[in-house]
Amino acid sequence: MSPRGHARILSLALCTLGCAASPRRAPASPPRVALSWLRGAWCGPMRDGEFCETWRDEGDALVGDGALRVQGSVRFSERLRIEARPGGVFYVATPEGEGTTAFRLTRAGDGEVLFENPAHDFPTRIRYRREGDDGLVAEVENDARRSTFRLRRRSAP
């Protein structure tokens, strides 16, 4: 990885560590501003229902909840975290009824983040990409399969 890539990962780690806002804190650094687009509620159509993710600051992490609702019933839910750990910044997913899996941040740019775990069966990659002011594309994939979620902002952070 290039020195610039390492700097981006370090910047995101510092951002994640500083996500708990406080009135006495200095103004947000550029990496923190770069992640602000993920905070809030995002929803979009999926199968015969609606999939929503909600992201918020919690302590030193960015925490999310995801759920698929079909005809008013939750068919799938998961708890998500983006947190700094030894070795980098990680996206930690805990799907309902399953164990926890961590994906390491491998790329962060303006309005896009990519997390990877090549040892996991599906997905091995999780990507979030901003589309305009109110759009979010989430992709989960491995070499054989990809699922794309096109979400719209339902509420601001």
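Me: How do the residues lining the largest pocket divide into nonpolar, polar and charged?
Reply: This is a predicted model, so local features need pLDDT of at least 70 and side-chain atom pairs pLDDT 80 or more, while totals for chains, interfaces and linings use all residues. A pocket here is an open set of points on a 1 Å grid over the protein atoms alone, where a 1.4 Å probe fits, with protein on both sides within 12 Å along at least five of seven lines; lining residues have an atom within 4 Å of a point. Ala, Val, Leu, Ile, Met, Phe, Trp, Tyr, Cys and Pro count as nonpolar, Asp, Glu, Lys and Arg as charged, the others, Gly among them, as polar. On that basis the lining splits into 16 nonpolar, four polar and seven charged.

Me: And which residues lie nearest the centre of that largest pocket?
Reply: Residues are numbered from 1 along each chain as its sequence is written, and side-chain values use heavy atoms, with hydrogens and water left out. The lining has 27 residues in total. Nearest the centre are Phe 76, Glu 78, Phe 122, Pro 123 and Val 140.

Me: What is the angle between the planes of Phe 51 and Phe 149?
Reply: They form one of six aromatic pairs (ring centres within 6.5 Å, using the six-membered ring of Trp; planes under 30 degrees apart are stacked, over 60 edge-to-face, the rest tilted). Phe 51 sits in strand S2 (residues 49-58) and Phe 149 in strand S10 (residues 146-155), 98 residues apart (strands are DSSP E runs of at least two residues, numbered from the N terminus). The pair is tilted, with centres 5.2 Å apart and a plane angle of 35°.

Me: Are Tyr 91 and Phe 103 buried or exposed?
Reply: Their rings pair edge-to-face, 6.2 Å centre to centre with 75° between the planes. Tyr 91 belongs to S5 (residues 88-95) and Phe 103 to S6 (residues 101-109), so this contact ties together parts twelve residues apart in sequence. Taking buried as under 20% relative accessible area, exposed as over 50% and partly exposed as in between (1.4 Å probe, protein chains only), Tyr 91 and Phe 103 are both buried.

Me: Which residue in S10 is the bridge partner of Cys 43?
Reply: S1 (residues 40-46) has six of its seven residues buried. Its antiparallel link to S2 runs over seven bridges (strands pair at two or more DSSP bridges), and there the partner of Cys 43 is Cys 52. S1 also pairs antiparallel with S10, over three bridges. In S10, Cys 43 is partnered by Arg 152.

Terms used. Helix = DSSP H or I, 4+ residues; strand = E, 2+ residues; numbered from the N terminus.
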